[in-house]
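Colleague: Could you walk me through how to read a structure like this one?

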Amino acid sequence: MSNKQSFNVCFCFQRKFRLWMAEPPEDIKNVFYLYAQNGTMTIDDLQKFLIEFQGESSATKEDAQAIFDSLKHLNIFQRKELDLGAFFRYLLGDLNPPLSSKVHHDMNSPLAHYFLFTGHNSYLKGNQLSSNSSVRPIINALRQGVRVIELDLWQGSKKNDVVVRHGGTLTSPVDLIKCLRAIKENAFVASEYPVVITFEDHLHSNLQAKVATMLTETFGDMLYSPDSEFLREFPSPASLKRRILISTKPPKYPESQKPGDQSGSTDHKQESEQDDEEDEDKDEENAIPEYKQLIAIHAGKPKRGLDKWHIDPNKVRRLSLNEQQLKNETRTRGSDIVRFTQRNLLRVSPKGTRLNSSNYNPMLAWTHGAQMVAFNMQGHGKYLWIMEGMFRANGGCGYVKKPEFLLASPNNEVFDPNASLPVKKTLKVKVYMGDGWRLDFHRTHFDLCSPPDFYVRVGIAGVPSDKTKMMETEPIQDQWVPVWNKEFTFPLRVPELAVLRVEVNEYDTPARHDFGGQTCLPIRELRTGIRAVPLHSERGQKYTSVRLLMRFELTNEV
């Protein structure tokens with residue numbers, strides 16, 4: 001099916017192009033006729049297709065009936081049978097996603113057994129030096145599923161005020177109470193699992209008392225307060241549903257230092273937590289009781305003289321490093337870090353030189369078990385896309401269970417991220433076609449004189465031995481509904497941490513190619529078979545209509 005679309009050229013001429021409508025690729029036709037009888041599919045036929053071809057072993061007749069019902073507007077045989085067109089509509093529709101929308105991981109293990117969707121300087125709207133502080137980035141992050149919000153606490157211009165800002169910079173402040181209220185109103189919109197607020201605390205004890213009052217009055221019963229000062233083991237996400245946890249290390253100020261002094265570099269917060277030689281017990285002696293008792297996750301180093309990766313059998317804690325410090329530590333202490341994160345929490349943040357709010361590759365942190373890999377959510381780019389892709393797992397709830405090899409094993413073996421590993425699985429990805437740009441974009445968005453020339457780039461983000469360069473299809477010229485029928489194969493050694501990267505660009509010569517959409521998908525969560533893959537903008541917003549039709553096959557290596 002087609003009609004024509006016109007484009008102006010040089011103000012005097014018009015070019016007309018045949019506008020093709022989406023039609024089933026040959027593979028789709030073959031699959032349909034494999035399961036159809038006399039040119040149509042019954043509910044039983046569709047259920048058989050879901051089980052055998054799509055790998056949905058638990059698919060029921062009710063599931064097949066729901067698909068029939070979703071197509072009722074097509075009035076196909078009174079919804080008793082599907083023809084090829086209706087089957088194709090289903091495959092390219094919302095009921096055929098590449099990932100499950102339900103929480104399906106075990107949520108009853110300690111918090112240390114999960115990766116947590118974590119933000120860095122969650123209040124900043126832009127760069128780290130001069131942008132505004134606001135509640136809007138906090139709201140956006142929470143609604144996207146972020147479960148760890150970071151707030152830097154400082155004395156305001158009035159001595160009894162507490163504000164949030166990035167110290168030692170020109171960033172504007174925002175009142176702490178506004179941030180807390182925004183968290184309360186938005187914490188559980190995207191997920192019912194707990195939200196952790198990490199404070200970088202620069203306050204005197206009188207203002208700590210004020211913060212304690214703000215917390216209890218704002219959150220009430222939502223606030224989780226441990227029964228004892230230190231936890232022997234972190235509670236589980238399931239036991240903390242719709243609860244708020246505070247994580248911080250109260251400061252210990254010398255007589256000469258004023259808490260309201262915000263001078264210093266942007267690395268100040270990292271230095272205050274990572275390079276302080278005083279042990280955490282001593283630091284918290286100055287914290288007032290009502291503030292101290294609200295700390296659910298204690299941060300800081302162990303007692304003086306003990307190794308930073310020391311594991312205390314009687315209490316768990318959170319340690320923080322920046323990305324460069326983690327990289328340095330992993331060169332000689334990789335197994336110790338993995339062992340530490342089996343019980344304790346490790347938070348990794350961007351290095352202080354990322355003034356433009358860029359991000360870093362999260363894979364090094366994840367492969368060493370770091371639970372809180374903190375990102376600048378106001379940025380964009382491939383590393384943020386990978387982060388968003390990882391947390392599309394487990395229904396997008398913001399908690400992803402770590403692979404078993406990063407947890408304690410019965411024989412006390414520890415995963416070595418640097419070890420040479422055999423190929424465990426092979427992923428085959430076939431890109432059939434794409435559709436939806438003509439609905440979500442103006443006809444001259446990509447090219448003033450013709451329809452777009454789309455091509456797809458596919459690759460793997462993962463451990464170094466799994467990481468690949470992006471491979472490409474050929475550009476399809478002058479088509480809003482391009483058909484590629486291109487297959488790619490990826491051998492995987494650690495599929496549990498691998499993320500499939502997909503990008504669509506519009507080919508331009510010699511100018512920079514235009515962006516046409518992207519997504520990242522956690523490979524261990526992929527639903528096999530033929531799937532409709534929604535694409536997102538550079539800022540991570542899901543397009544209304546744009547999607548790719550793809551096939552995924554994941555096989556075990558013998």
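Modeller: Gladly; we will take a strand, then the nonpolar cores. This is a predicted model, where local features need pLDDT of at least 70 and side-chain atom pairs count only at pLDDT 80 or more, while totals for chains, interfaces and linings use all residues. Residues are numbered from 1 along each chain as its sequence is written, and side-chain values use heavy atoms, leaving out hydrogens and water.

Colleague: How many residues of strand β18 are buried?

Modeller: Buried means under 20% relative accessible area, with a 1.4 Å probe and protein chains only; strands are DSSP runs of E, at least two residues, numbered from the N terminus. In β18 (residues 499-506), eight of the eight residues are buried, so the rest of the structure largely encloses this strand. V499, R501, E503 and N505 point one way, L500, V502, V504 and E506 the other.

Colleague: Which strand does F454 face across in β18's pairing, and what stands opposite V502?

Modeller: Two strands pair if DSSP finds at least two bridges between them. β15 (residues 454-461) runs antiparallel to β18, joined by eight bridges, and F454 stands opposite E506 in β18. Eight bridges also join β18 to β19, again antiparallel, with V502 opposite T519 in β19.

Colleague: Which residues touch the most other members of the largest nonpolar core?

Modeller: Such a core is a set of buried Ala, Val, Leu, Ile, Met, Phe, Trp, Tyr and Cys residues joined through side-chain atoms within 4.5 Å. Here the largest has 131 residues, and F49, L151, I183 and W437 touch the most other members. A second, separate core has 20 residues, including Y114 and L240.

Notes
Buried < 20%, exposed > 50% of the residue type's maximum accessible area, 1.4 Å probe, protein only. Helix = DSSP H or I, 4+ residues; strand = E, 2+ residues; numbered from the N terminus.
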